[in-house]
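Me: Hi! I've got a model open and would like to talk it through with you. Can we go piece by piece?

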Amino acid sequence: MNSLSFYLFVALALFGIGLFGLLQRRSLIGMLISIELMLNGASINFMAFNRFLAPDPAVGQILTLFVMGIAAAEAAIALSLILSLFRRIRSINIERADHFRG
């Protein structure tokens, strides 16, 4: 349970589930949650490599904090776009927003 391969497997599973959800979902909220899963998988990779391979212990933690900051900014922007789209077409289905294409 305390090996690099276990953490990499968990990160791969999270990233795979997120990628599958991103490709399968038509709802923007579902797609946003899937992107968050993918970012969490990347964060676990950073922390696992930091724990087992890196000589400097702060690098993985700093990268994970950076990923968390990016995820928070991405969620705020995406939720504002979703809210704006919902006000216009009364749906968050990506297929109904197809007519906004330029």
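Me: Let's start with Ala58: is it buried or exposed, or partly exposed?

Reply: Ala58 has a relative accessibility of 30%, so it counts as partly exposed (buried means under 20% relative accessible area, exposed over 50%, partly exposed in between, with a 1.4 Å probe and protein chains only). One thing to keep in mind is that this is a predicted model, where local features need pLDDT of at least 70 and side-chain atom pairs count only at pLDDT 80 or more, while totals for chains, interfaces and linings use all residues. Residues are numbered from 1 along each chain as its sequence is written, and side-chain values use heavy atoms, with hydrogens and water left out.

Me: Good to know. Which helix is Ala58 in?

Reply: Ala58 belongs to helix α3 (helices are DSSP runs of H or I with at least four residues, strands are runs of E with at least two, and both are numbered from the N terminus).

Me: Let's switch to packing. What describes two packed helices?

Reply: The angle between their axes and the distance between the axes.

Me: OK, what are those values for α1 and α2?

Reply: Helix α1 covers residues 4–24 and helix α2 residues 28–52; they pack at an angle of about 165°, and their axes are 7 Å apart. Axes here are lines fitted to C-alpha atoms, for helices over the stretch in contact, and angles run from 0 to 180 degrees between N-to-C directions. The pair is therefore roughly antiparallel (over 145 degrees; under 35 counts as roughly parallel, 65 to 115 as roughly perpendicular and the rest as oblique).

Me: Which hand does the crossing of α1 and α2 have?

Reply: The crossing of α1 and α2 is left-handed, a term used if the near helix is turned anticlockwise from the far one by less than a right angle, with clockwise being right-handed.

Me: What classes of residue make up the contact of α1 with α2?

Reply: That contact has 18 nonpolar residues, six polar and no charged. Ala, Val, Leu, Ile, Met, Phe, Trp, Tyr, Cys and Pro count as nonpolar, Asp, Glu, Lys and Arg as charged, and the others, Gly among them, as polar.

Me: Which residues meet there?

Reply: The α1 side includes Leu4, Tyr7, Ala11 and Gly18, and the α2 side includes Ser34, Ile44, Ala48 and Phe52. Contact means heavy atoms within 4.5 Å.

Me: Tell me about Tyr7, then. What does it touch?

Reply: Not counting residues up to four places away in sequence, Tyr7 touches Met1, Asn2, Ile44, Ala48 and Phe52. Tyr7 sits in helix α1 and counts as partly exposed, at 30% relative accessibility.

Me: And Ile17, buried or exposed?

Reply: Ile17 is exposed, with a relative accessible area of 52%. Ile17 is also in helix α1, and its C-alpha is 9.8 Å from that of Ile35, 18 residues apart in sequence.

Me: Now α2 and α3. How do their axes cross?

Reply: They cross at roughly 175° and come within 9 Å. α2 and α3 are therefore roughly antiparallel to each other. Their contact has 17 nonpolar, five polar and two charged residues.

Me: Which residues form the largest nonpolar core?

Reply: Leu28, Met31, Ile82, Leu85, Ile89 and Ala97, six residues. A nonpolar core is a set of buried Ala, Val, Leu, Ile, Met, Phe, Trp, Tyr and Cys residues joined through side-chain atoms within 4.5 Å. α3 (58–89) and α2 are the elements that give two or more residues to this core, and α3 gives the most, with three.

Me: What about Leu85's contacts?

Reply: Beyond four places in sequence, Leu85 touches Leu28, Arg90, Ser91, Ala97 and Phe100.

Me: Last topic: what is the phi of Arg90?

Reply: Arg90 has a positive phi of about 60°, although it is not a glycine. Arg90 lies in the segment after α3 and is exposed, with a relative accessible area of 61%.
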